[in-house]
Amino acid sequence: MGYIDNLQSPRLPSDPSTSRGADTNNCSFSEKLAKYKVLSLHQSVRLYDVDFGNKSFRIHTDIQILPMQTKIKDIVMHIGEYCFLPNEQGDNHFGTVTLDGVPCKYRRKRLDFKLDNHINSMNLTSLKKSSSDALAKFEGELFIEVPHDVQHKMQERKVIVLSIDCLVKCPAYGIYFANGGKRGDGAHVYTYRSGLMSSTKDWLPCFDAPDQLNLWRLQFDVPFKWTALSSGELVEVEALSDESLKTYVYVLGTPTPASNIGWAIGDFEDTIQPEMPDVSSYSPPGVQSLVKHTLATLPRVFTFIEETLSCRFPYASYKMVFVDQPPEESQSYAGITMFNINLLYHKKILDTVQSVRQVVGLAVASQFFGCFVNARCLEDLWVVKSLAMHLTALYVEKTFGSSEYHYLVNKLMEQICDYETSFGPIILQPKSPQQQNHLYFNPSYPETCSPHYAEARYKKGQFVMRCLQLKLGKEHFLKVLNRMLVVANQFSQNLDKPAEWSHMIVSCESFFRTVISVTGRELSYFMDLFVYNGGHANFDVNFQHNRKRNIVELELKQDVRSGSKGKIEYVGPLTISIQELDGCFTHTVQIDANTSKHDLQCHSKGRRQKRKKVPLSTGEELDIDLSALDADSPVMWIRIDPQIELPRTLKIAQPQNQWEYMLRYERCVIAQTMAIEALQHFPLQNTHNVLVEAINNPKFFHRVRSRAALCLTEVSNRLPDGLISGKPALIDFFEKNFGCSANPSIPALHNFVATSSNLQRYILMSSLPPAIGRMRRELKHCPREITRFLLGLLQFNDNSINRYSDDHYRSALIGGLTSSITQAERSLGEAGRPEALNEDIDEMIMEITRALNMDQLEPSYHKVVSQACLKCILALQRFNHLPLDPEVFWTFAESKSVFNGLRKTALMCLCSMIRRTHNPQLMPTINKLFDLLVKDESPFIRHGLATLILPKTPFAYSADVINNLSYFSNTKDMATKLWKLATDMTLEPKIRVQLVDIYYMMYLIYTPLVLRPKHEIEDLQRRQHEEMKMGGGPSLIT
């Protein structure tokens, strides 16, 4: 019967034998008693009759359940739309639904938001209310009546067995059937998450809640030549004598929720890790060499994470499965991870190494936090996700250096601030529902929570975990993580005491309770700032040096206006770092108002000598030319919050020479990047020279040099033509460093070397062509010498003696040509005659066509060259050098035989074309995109297209009534179609919620203006006209 045959009732945490103190991950088992009628203890699953032709298979499952109440009429479970019960299979129905062998009556109940179809209800405010009300009452899709003969067991609270047979046929989501090659080799089927939390119910009747932990036994009856891979340990493989079928049996003895059960079946070949026999990699035939190379550093990932956490890997084995067309780069389940097969790369590829290693690192970290330690509910999912992401960031720091780590931290903060500026504060754990009134959806339910918001929430959580590590110290922070894993591992061993399994579940409160217990630190202020409230600070900083008192008079202003989203009035400590002539000195000031002034004592005095050895924050002492510095001031530069201890945006009013000193001598990547951004606003010859010096400095981090190249282009474009003589600095730098010794105008033969310095040199070389292509002169046109130079680089590019691929470099060269395209001097005729083309544009089109055709004959890695060519063609059409023709891109976007990365790029070009050209002839293209979004077979394309459309919707909401109605795509049909899709409960859950996001970007939370009565529109126009006459801007349409 299973593991728990004689169990009658769980032992509650109040029992002395189960109590372990308050510093565990326990989420209170008594909450479960009140929440659930029954608890699932063990689930046995048999999957058989896999049919690729009909895209179907059958399921039989036995679930041991424990009644939590004595009077239970119905057992409520979760089941997907394409999981058909016996009474739903038509005339050829098969199987039964029984409780302890007694047949049961059962019925399906579908989630219904009960929306009013009236025009006034077609807004997101109504949708949020109706969906929240419906989900608050919704228990599940499958209701099974308890037979009279089983009622006495319910009253005695004995374990009973629920058995269900079902047929999964033509699933639109949750399961994907990959057909493999033309001969059928490599065909496979696998699970993926179609929602934010889980989609196990799409193929299995179960209790699909994150805090319902089970023990599992999974049996797969598959064709003899196929392999079945699943969560759990493989305990049995048995083949029939006629070699027609093979049975795989997996047992998962670690309590795990249904959301973390995944599997893959198909034509796979395995690759064993020589150093780690318990870790296996599986992929379709023919790519084993790529798997071996891609995962060559996997032992280092395991070693780092296990040593960091002081904890062994939580499962006895780990399976890494590379599958076709998954919606994400990786999705982790208990003991198994599904990877996108496109992550694999050849040993000749250099450009994707870092990104792939980060994906693998995140997958391994997610096995600890996300699979072994589980979140209590969606609102707590950010805790485990953020911990896994933070562990991955620590791995990046260890592997790729602190400069790369600091760059990623700064980028993370910018992404958080950008989201909050656009959509409002991200509150990780609100104290009251009113704190989330600014959201146009309910974030408490997977069926309504925006994936865009969820992703931003995970990033905010990762940032908070880093801030917590800074506050506690790395050693104490890692002790907290170790305690969580030790407690979870301890209670996971008690298989006969399901009450103790709740210690494997973590919530926000239990996590911080563990932090306080382990460290003894008080965190009330930290939690109020980062967890219970959202938003970011916005500092406008001014300072001056008082010579008489030898102090820095600092003024910090916070711009927190009522209309500004996401910005908060920060109150608390703030770190100020001042680089003086005698060293770097740190001050901590208390911010307690929107405007605060502080006097910071200087530790140095102004020196009048031109050169002096200056101690830096890194401990170095450099001989610095001080001629540009004020002779009476010891301040070289100032930094605010140098360690990024809180999310903030900064604007520092600092003289140009101090920004120059910061760029030249500050060793922190964050400070150097900030200095480059600031110098962009000083279009002077001296700025030009400093940026050229930064690009030429081999000691600078490659990302700083690449960013300096882009900034140099912007500064050069704003300088008067008379100040720039001779060859552009970037071209001169390129020829000296990457040109042929005999003729620098011709690029040298490539000879990439996989060492740290040479890789940085290669990355810098790849970043220069797009920067060079941005150069402009009179009338904002790209100089002809720039176009000729870029064409020469492409024509004379030679990789014949190089052991590594130059695919990404050629893509960068085409990207440089794309950047150089500007508006055509004369309008394109109706025929679009080639003879009217500019000579350079004509040659560019020939080179792009040649590159595109050659990439079909000798494909580049991931078709990156073709992707760059499509972007170039889009630019040529946008700037009237070629006729606007979406069919060029549909040729690539619609074909199922085209590489999916190239399909996605073609779709991105179509989205950009619609948003930027505003051409009424593109209305059929818009409808076609939305049809593809919901109907395409590939999960990768569906989810990718939804992500592409969101920032590039056909039009963006405008508060101006006239402007709002002027968009060609703002029609009644478009608004009605989008509303129907966003409220269609049969669509894939994640896609449907992303359509709600798109609806918000186009109409905000209001009823679309085009659907309103004519008199209402005229009234709004009259009201806004009066507001404009009074000097104000148009108010929001309500």
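This is a predicted model: local features need pLDDT of at least 70, side-chain atom pairs count only at pLDDT 80 or more; totals for chains, interfaces and linings use all residues.
1. Nonpolar core. The largest nonpolar core has 324 residues, and within this core Phe-369 and Phe-511 touch the most other members. Helix α7 (residues 381-400) supplies the largest share of this core, with eleven residues. Leaving aside residues up to four places away in sequence, Phe-369 is in contact with Leu-309, Val-384, Leu-387, Ala-388, Leu-391, Leu-481, Met-484 and Leu-485.

2. Cysteines. The number of disulfides in the structure is zero. For Cys-311, the closest cysteine sulfur belongs to Cys-371 and is 14 Å away, which is too far for a bond; the cut-off for a disulfide is a sulfur pair within 2.5 Å. Cys-311 has 17% relative accessibility and therefore counts as buried. Cys-449 is likewise in no disulfide, with the sulfur of Cys-377 as the nearest cysteine sulfur at 11 Å. Cys-449 is also buried, at a relative accessible area of 3%.

3. Helix α15, geometry. This helix covers residues 685-696, twelve residues in total. From the first C-alpha to the last, α15 reaches 17 Å, close to the 16 Å expected at 1.5 Å a residue.

4. Helix α15, packing. Which residues of α15 are buried? They are Thr-687, His-688, Val-690, Leu-691, Ala-694 and Ile-695. Viewed down the axis of α15, these buried residues fall within an arc of 165°, so they line one face of the helix. In an α-helix there are 3.6 residues a turn, so residues three or four places apart point the same way. The partners against which the buried residues of α15 pack are α13 (656-665), α14 (669-679), α16 (702-718), α17 (729-738) and α18 (756-772).

5. Asp-806. This residue is placed in the loop between α19 (784-795) and α20 (807-820). Is Asp-806 buried or exposed? With a relative accessible area of 6%, Asp-806 is buried. Its side chain makes a polar contact of 2.7 Å with the side chain of Asn-797. Not counting residues up to four places away in sequence, Asp-806 touches His-750, Phe-752, Asn-797 and Asn-799.

6. His-881. The loop between α22 (864-878) and α23 (887-894) contains His-881. His-881 has a relative accessible area of 10% and is buried. What does the side chain of His-881 reach at 2.7 Å? The atom in question is the backbone oxygen of Thr-822.

7. Met-844. Helix α21 (residues 839-857) holds Met-844, which is buried at a relative accessible area of 1%. The C-alpha atoms of Met-844 and Arg-788 are 9.4 Å apart in space, while the two residues are 56 residues apart in sequence. The contacts of Met-844, again without residues up to four places away in sequence, are Thr-787, Leu-791, Leu-817, Ser-820, Ile-821, Cys-872 and Leu-876.

Definitions and conventions. Residues are numbered from 1 along each chain as its sequence is written. Side-chain values use heavy atoms; hydrogens and water are left out. Buried means under 20% relative accessible area, exposed over 50%, partly exposed in between (1.4 Å probe, protein chains only). Helices (H or I, at least four residues) and strands (E, at least two) are DSSP runs, numbered from the N terminus. The expected span of a helix is 1.5 Å times one less than its number of residues. The arc is that of the directions from the helix axis to the C-beta atoms. Contact means heavy atoms within 4.5 Å. A nonpolar core is a set of buried Ala, Val, Leu, Ile, Met, Phe, Trp, Tyr and Cys residues joined through side-chain atoms within 4.5 Å. A polar contact is a pair of N or O atoms within 3.5 Å; within protein, one must be able to donate a hydrogen and the other to accept it, and residues adjacent in sequence count only if both atoms are side-chain atoms.
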